[in-house]
Amino acid sequence: MRDVSVPGAGNAAVFFLHSTTFDGGRDWNGPIGDPKADAYLERVVIPNYAGPFARAGSISVPRYRQASLYTRLTLRDDARDARAFAYGDALAAFETWLAAHPDGPLVLAGVEQGGDLIDRLLQERIAADPELSRRLVAVYLIDVIVAVEGLGPSTPPCATATQTGCVIGWSQVDEHNDGAAWRRLRRALVWDGSGRLVDLDSRTALCVNPVSGSSDTTPVPARRHRGAANATGLEWGLRPAFIDRAVATQCRDGLLRHSELTTESFKEVGNWADRRKARQYNLFYADIEADVDRRLAVWNASDAP
């Protein structure tokens, strides 16, 4: 498990599960230490998606035997089994992380496949533990579909921008691409109460807008957008340049519909596999950064003697 931090960071312990970086091979699950997967993790995922949490505290980024990219593109039973297999590593890493951080505020964050695994951790490990729930600042499930019904009363969707102990989660789709939105929901798999991946079906998908920090479905104008960033290849600890007031958003039908950025830095690049992984930029980098800073300040104030 790798820990990263920046000087002057806050007092939170951050548990971050990365997205799919392993293209695939003979096995459904990738090995820990695959050179190509690790290179993508270091160059793309950590700068763009762990970066927004750097000011909140020390970030733990465990490797795990992730399900391959192909398992995200099929609904086959063996692909579901591979995704469920990865949870064993995530749970073991989480227990190790907890033992190293026995007190103080906690932040959990996961992107795509990592978000799936954090969702199951919430259901099976955190929701029934009052002490863990009390320590929870917030949970961030980035670019992943989860079912609202799986979130217990101790870890609800965030209703306001200052609520703590709640979940901010969304799956983002261009506001004009109704076909992609339909396919995203139709093919979505979520955890049931037995730890199995099942079709979303009629379940309501979670959408908490990262710009407003609220589950409100009111459109959020671009002027409230704090900033997108392309941090790919950026040295850890450096903050990227932001393009702010550029992306309008709205939670609609369980998805985060958003306007597109058309500048060169925010275009999909790479080969077929790279274009199906987590984007090589983060449309809501500064929004997430401000959100976790705000909620951590509220948690610290409420926990003060």
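Analyst: We will discuss the cavities, then the aromatic pairs, and then charges over rings. This is a predicted model, in which local features need pLDDT of at least 70 and side-chain atom pairs count only at pLDDT 80 or more, while totals for chains, interfaces and linings use all residues. Residues are numbered from 1 along each chain as its sequence is written, and side-chain values use heavy atoms, with hydrogens and water left out.

User: How many cavities of 30 Å³ or more are there?

Analyst: There are two. A cavity is a set of points, on a 1 Å grid over the protein atoms alone, where a 1.4 Å probe fits but cannot get out. A volume is the space filled by probe spheres set on the points, which are joined across faces, edges and corners.

User: Which residues line the largest cavity?

Analyst: Lining residues have an atom within 4 Å of a point. Here they include H18, F22, D34, R63 and Y64. The space in the largest cavity is about 60 Å³.

User: And what lines the second largest cavity?

Analyst: Among its lining residues are Y49, W170, R279 and F284. This cavity holds about 50 Å³. By class, its lining has five nonpolar, two polar and two charged residues. Ala, Val, Leu, Ile, Met, Phe, Trp, Tyr, Cys and Pro count as nonpolar, Asp, Glu, Lys and Arg as charged, and the others, Gly among them, as polar.

User: Changing topic: how many aromatic pairs are there?

Analyst: The count is eight. Rings of Phe, Tyr and Trp (its six-membered ring) pair if their centres lie within 6.5 Å; planes under 30 degrees apart are stacked, over 60 edge-to-face and the rest tilted. One of the pairs is F53 with Y140, which is edge-to-face at 5.2 Å centre to centre and 65 degrees between the planes.

User: Where do F53 and Y140 lie?

Analyst: F53 is in the loop between α1 (35-50) and β3 (57-61) and Y140 is in strand β5 (residues 136-142), so the pair ties together parts 87 residues apart in sequence. Helices (H or I, at least four residues) and strands (E, at least two) are DSSP runs, numbered from the N terminus.

User: Are F53 and Y140 buried or exposed?

Analyst: Both are buried. Buried means under 20% relative accessible area, exposed over 50% and partly exposed in between, with a 1.4 Å probe and protein chains only.

User: Which charged end sits over the ring of Y40?

Analyst: That of K277 does, 4.4 Å from the ring centre. The rule requires NZ of Lys or CZ of Arg within 6 Å of the ring centre and within 35 degrees of the ring normal. R120 likewise lies over the face of W191, at 4.8 Å from the ring centre.

How values were computed: On a 1 Å grid over the protein atoms alone, a cavity is a set of points where a 1.4 Å probe fits but cannot get out, and a pocket is an open set with protein on both sides within 12 Å along at least five of seven lines; lining residues have an atom within 4 Å of a point.
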